[in-house]
Amino acid sequence: MKKSLFILALAVLVGTVSSTPASAGFFDFLFGKDNGEVNLYTNRHYDTDAELLKQFEEKTGIKVNVLKGGSDELIERINREGESTNADLLITADAGRLHRAKAAGLLQTIDSETVLNNIPANLRDEDNQWTALTVRGRVVVYARNRVNPLEINTYEDLTAAKWNDKILVRSSSNIYNQSLLASLIATEGEEYARAWAEGVLNNMARTPKGNDRAQATAVAAGTGDLAIMNTYYIGKMLNSSNPEEVKVGKQVGVRFLDETHINVSGIGLTKHAKNKDNAIKLIEFLTDAQAQEFFAEANYEYPANPSVEASALLKSWGEFETQDINLTKLGEFNQKAVEIFNEIGWQ
Amino acid sequence: MLKRRNLESQFNIWSISSFIIIMFVLIPNANILLNIFEPANENWNHIKEYLLQDYIINSTILVLFTGIFSILIGLIPAWLITQYEFPFRNFFKWALILPLAIPPYIGAYTYNGLLNYTGVIQTSLRNYLGINVNPTYFDIMNIKGAIFIYTIFLFPYVFIITRSFLAKQSASLVEASRTLGRSSFETFRYVVLPISRTAIVAGTSLVVLEVLNDYGVVKYFGITTFSTAIFKTWFGMGDLNSAVRLSALLMVFVSGFLLIEKFSRGAKRFSYSTTKIRPLSRIKLSGVKAFLVSTFCSLIFAIGFLIPTLQLLHWSWLSYAKILNIDFFIFSFNSIFVALFASILIIIISIIVANTVRISDSIFSKIYSKVAILGYSIPGAVIAVGILLFFLGLDRLIYSGRLVLTSTILMLIFAYIIRFLAIGYNSVESGFDKVGKSFFEASRTLGVGITKTFFKVDLPMIKPAVISGFLLVLIEVLKELPLTLILRPFNFDTLATKAFEYASDEMIHEAAISSIIIILICGLAIYGIHKLSARKGSKNVN
């Protein structure tokens with residue numbers, strides 16, 4: 001019985017290895033097959049992304065292999081895989097992470113005029129090692145029935161005494177909070193940023209917990225009046241399959257602040273990409289106007305390509321002015337931001 | 001002479017394969033743990049100064065209270081089921097294991113979705129009765145909530161082990177106590193509790209290790225513990241050295257816990273003077289007592305399984321039109337396939353090592369049995385990177401410049417083996433323990449080789465233990481998350497990763513379908529284990 005089990009196991013094993021796309025390398029090596037593929041490590045996992053990649057495959061005949069995972073884990077993996085990495089491209093949902101990959105020497109310049117034309121300079125790496133695909137703002141969401149949005153205009157206003165016990169925000173281990181604080185370090189300096197974080201900490205309605213949606217829900221429930229969160233979560237709540245969540249989405253309003261902190265989902269070309277040409281083709285495809293509309297809308301985000309208009313819902317929230325920094329700074333000051341959070345005790 | 005040499009060479013096949021297996025388990029882990037001897041860096045000082053105290057306090061609170069509550073709601077029904085006859089007793093015998101089918105992180109999402117402001121309880125109160133309750137009363141996203149989640153989804157470990165112990169071993173002592181006029185409570189306090197200590201500790205250790213290793217629940221609830229800290233320092237700060245330091249501390253923590261228990265137990269040991277296993281004669285409950293006992297068990301079953309499952313079914317109903325498609329068959333196939341494959345390998349390996357350990361008396365075999373269960377006490381993230389480094393090293397040996405083995409499904413399965421070998425090994429070992437060595441020795445005396453003896457004599461006798469070990473591993477692999485997330489190959493999703501992806505995008509309803517499929521498969525496996533143990537025990541224990 002054991003022998004037959006073993007043979008079965010072996011047969012299954014061989015079958016799997018040969019049918020796993022990742023083992024393509026192995027069989028290419030054996031049979032010298034030509035590679036018409038590109039390997040993508042990504043932190044985005046929306047069903048619509050898969051749809052878009054399929055369109056790319058149909059258009060170009062280049063097969064896209066996808067490995068999904070947490071941004072940090074994927075970066076660590078590329079780092080450990082070194083020169084022999086399978087990854088050609090890396091997508092993360094935060095500019096700070098892309099900068100970290102760049103700083104670790106994992107990326108290389110994307111040599112493409114098309115990309116330079118598609119994406120404005122402030123949404124790209126200084127050396128064009130990565131580029132934004134979509135943009136989101138980190139804004140204040142307020143209770144429509146209790147708060148006059150005109151009372152809150154800047155991030156600094158969040159530290160005012162009148163919001164004592166009123167502010168909801170998630171934990172500092174979240175990268176969006178880290179990037180927000182990093183942006184304040186970049187624009188106003190470390191001491192200002194520390195004082196700001198302490199001020200927000202003092203005004204919190206509860207210890208940080210839950211995700212961004214939970215903050216909006218807590219505003220609707222009356223636990224607090226203001227929540228710091230990313231714009232797209234309101235879009236998701238308004239389109240939720242839970243009617244109660246839709247109600248919450250309608251009870252809160254989006255308030256853009258002066259110099260709104262923005263962050264991006266972006267894509268970088270790995271230093272040791274084996275399919276560099278195909279990879280650049282995919283970046284060009286994803287930053288192109290046609291794909292941009294689809295890609296941004298999937299997650300209720302703003303397109304990074306300025307020739308594409310935001311969706312009607314996003315436009316209804318109004319125009320806003322963004323922080324005047326290159327997003328590279330978010331990565332440069334990430335470590336400092338994490339240290340400040342830990343030191344002041346923002347959980 | 002010829003015969004004797006033949007025997008020795010056969011023996012070598014077992015011990016050589018065991019040696020190779022043990023090396024494969026040891027090397028990736030040792031590779032990582034060696035980092036401890038590197039000097040501490042700047043980050044470590046920062047962690048020590050601002051964070052470490054929180055990690056220790058939170059992890060201690062979680063482990064301590066989850067441990068205590070798991071013993072309470074694991075041991076009490078185990079005892080009631082052994083001691084009394086009451087309505088639905090046979091159903092609860094296996095139904096109280098079902099909470100194990102729900103991975104704690106899915107349980108956490110589900111309960112939070114049920115209880116929060118937009119959940120069914122508060123919205124019903126609000127929309128139909130016009131009651132606006134203070135949402136903090138229903139807030140489970142805190143350390144108390146985490147203890148609740150861990151307890152209700154992990155207590156079955158205590159339940160299974162203590163129930164099977166009590167069913168088989170308690171009869172003579174309990175009946176003596178009854179004959180001597182002790183009340184049920186006194187019997188429980190002075191007889192059952194002390195004799196089941198080893199079983200309780202075994203079950204609770206599993207609970208504790210699961211709690212310390214869990215990442216999903218504490219991450220979601222925003223509680224900083226060792227496991228979130230290990231992820232954070234490693235991947236967030238890119239600091240492998242400090243992460244390993246934290247893991248090492250965690251392992252010290254675990255060993256400390258086990259040692260304290262061992263010392264406090266001291267020389268007290270309860271073994272049985274007779275090998276005859278005999279069931280306890282059950283007392284039939286009726287009236288109020290029967291009602292109370294049944295209600296108590298129903299309550300545990302409802303909270304641990306029925307309520308979350310119904311909630312997930314409801315969410316699946318709300319979201320299936322949006323997301324259910326052919327891909328779900330692929331995810332299910334992937335999940336079942338890797339789980340089956342890993343479980344088969346784990347059981348074969350467990351048998352090889354356990355048999356070698358049993359036959360040989362050398363110091364090596366003692367070490368083997370310790371190494372085999374090592375992976376279960378090492379955090380998943382640490383195993384993941386240990387294995388990644390190990391495979392990268394192998395690839396450099398094989399063919400430079402291309403990854404041949406890394407990022408294949410082999411790597412993932414290898415990781416499962418290291419992580420869950422302990423579960424398979426413990427089952428097989430307990431099977432061997434029950435059988436003893438006398439049949440083996442008789443067969444050997446009659447001149448039959450070790451391998452032939454194994455297939456003809458040992459294997460048929462330990463078959464139930466092998467199959468239930470296999471099913472236990474299957475459940476664990478199906479539920480596994482961190483290793484799968486970090487090590488999976490291209491274009492590879494399982495039900496668990498899919499559920500986690502949706503949930504981490506804050507799409508709880510969309511996560512429900514994958515979760516329900518996981519629960520269904522694990523539930524079937526649990527039912528299988530139950531049927532198996534009922535059959536093998538039908539002659540003496542029921």
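Figure 1. Chain A in overview. Of the 347 residues in chain A, 60% count as buried. This is a predicted model, so read every panel here with that in mind. Strand β8 of chain A, covered on both faces. Take strand β8 (residues 252–255) of chain A: A:V252 and A:V254 are buried on one side, and A:G253 and A:R255 are buried on the other. Its pairing with strand β5 (residues 130–143) of chain A is antiparallel and runs over 4 bridges. To find your way around the pair, look for A:V141, whose bridge partner in β8(A) is A:V254. A:V141 also turns up in a core of 51 residues, along with A:L74, A:A87 and A:A132 among others.

**Figure 2. A:T328 and its surroundings.** A:T328 sits in helix α15 (residues 328–332) of chain A. With a relative accessible area of 1%, A:T328 is buried. Leaving out residues up to four places away in sequence, A:T328 touches A:H99, A:D125, A:E126 and A:W130.

**Figure 3. Helix α16 of chain A and the glycine after it.** Helix α16 (residues 334–344) of chain A has 8 of its 11 residues buried, so it is largely enclosed by the rest of the structure. The buried ones are A:N334, A:A337, A:V338, A:E339, A:I340, A:F341, A:N342 and A:I344. Just past the end of α16(A) comes A:G345, with a positive phi of about 85°.

**Figure 4. The loop between α13 and β10 of chain A.** Two residues are picked out in this view. A:N299 lies in the loop between α13 and β10 of chain A and is buried, with a relative accessible area of 0%. Not counting residues up to four places away in sequence, A:N299 touches A:R44, A:Y46, A:R136, A:Y232 and A:K236. A:Y232 is 67 residues away from A:N299 along the chain, yet their C-alpha atoms are separated by 6.4 Å. The other residue to look at is A:Y300, found in the loop between α13 (289–297) and β10 (302–303) of chain A. A:Y300 isn't a glycine, but its phi is positive, near 55°.

**Figure 5. B:F88, an exposed loop residue.** Over in chain B, B:F88 is found in the loop between β1 (84–85) and α4 (89–95). Its phi is near 65°, another positive value in a residue other than glycine. B:F88 is exposed, with a relative accessible area of 60%.

**Figure 6. B:F86 in the largest nonpolar core.** The largest nonpolar core has 171 residues, and B:F86 is one of the five that touch the most other members, together with B:F221, B:W234, B:I387 and B:L487. Helix α16 (residues 327–359) of chain B gives this core its largest share, 18 residues. Domain 1 (53–225 + 282–317) and domain 2 (327–542) of chain B each supply at least three residues to the core. Zoom in on B:F86 and, leaving aside neighbours within four places in sequence, you'll find it in contact with B:L80, B:I81, B:F92, B:L285, B:A290, B:V293, B:S294 and B:C297.

**Figure 7. Where the two domains of chain B meet.** Chain B is divided into domain 1 (53–225 + 282–317) and domain 2 (327–542). Taken over C-alpha atoms, the centres of the two domains are 25 Å apart. On the domain 1 side, 27 residues take part in the contact, and on the domain 2 side, 31 residues do.

**Figure 8. Helices α10 and α11 of chain B.** Helix α10 (residues 184–195) and helix α11 (residues 197–213) of chain B pack at an angle of about 55°, and their axes are 4 Å apart. The two helices, α10(B) and α11(B), are therefore oblique to each other. From α10(B), the contact is made by B:L193, B:P194 and B:I195, and from α11(B) by B:R197, B:T198 and B:I200.

Methods
Residues are numbered from 1 along each chain as its sequence is written. Chains are lettered from A and ligands numbered from 1 in the order in which they are written. This is a predicted model: local features need pLDDT of at least 70, side-chain atom pairs count only at pLDDT 80 or more; totals for chains, interfaces and linings use all residues. Side-chain values use heavy atoms; hydrogens and water are left out. A nonpolar core is a set of buried Ala, Val, Leu, Ile, Met, Phe, Trp, Tyr and Cys residues joined through side-chain atoms within 4.5 Å. Buried means under 20% relative accessible area, exposed over 50%, partly exposed in between (1.4 Å probe, protein chains only). Domain bounds come from an automatic or database domain assignment. Contact means heavy atoms within 4.5 Å. Two strands pair if DSSP finds at least two bridges between them. Axes are lines fitted to C-alpha atoms, for helices over the stretch in contact, and angles run from 0 to 180 degrees between N-to-C directions. Angles under 35 degrees count as roughly parallel, over 145 as roughly antiparallel, 65 to 115 as roughly perpendicular and the rest as oblique.
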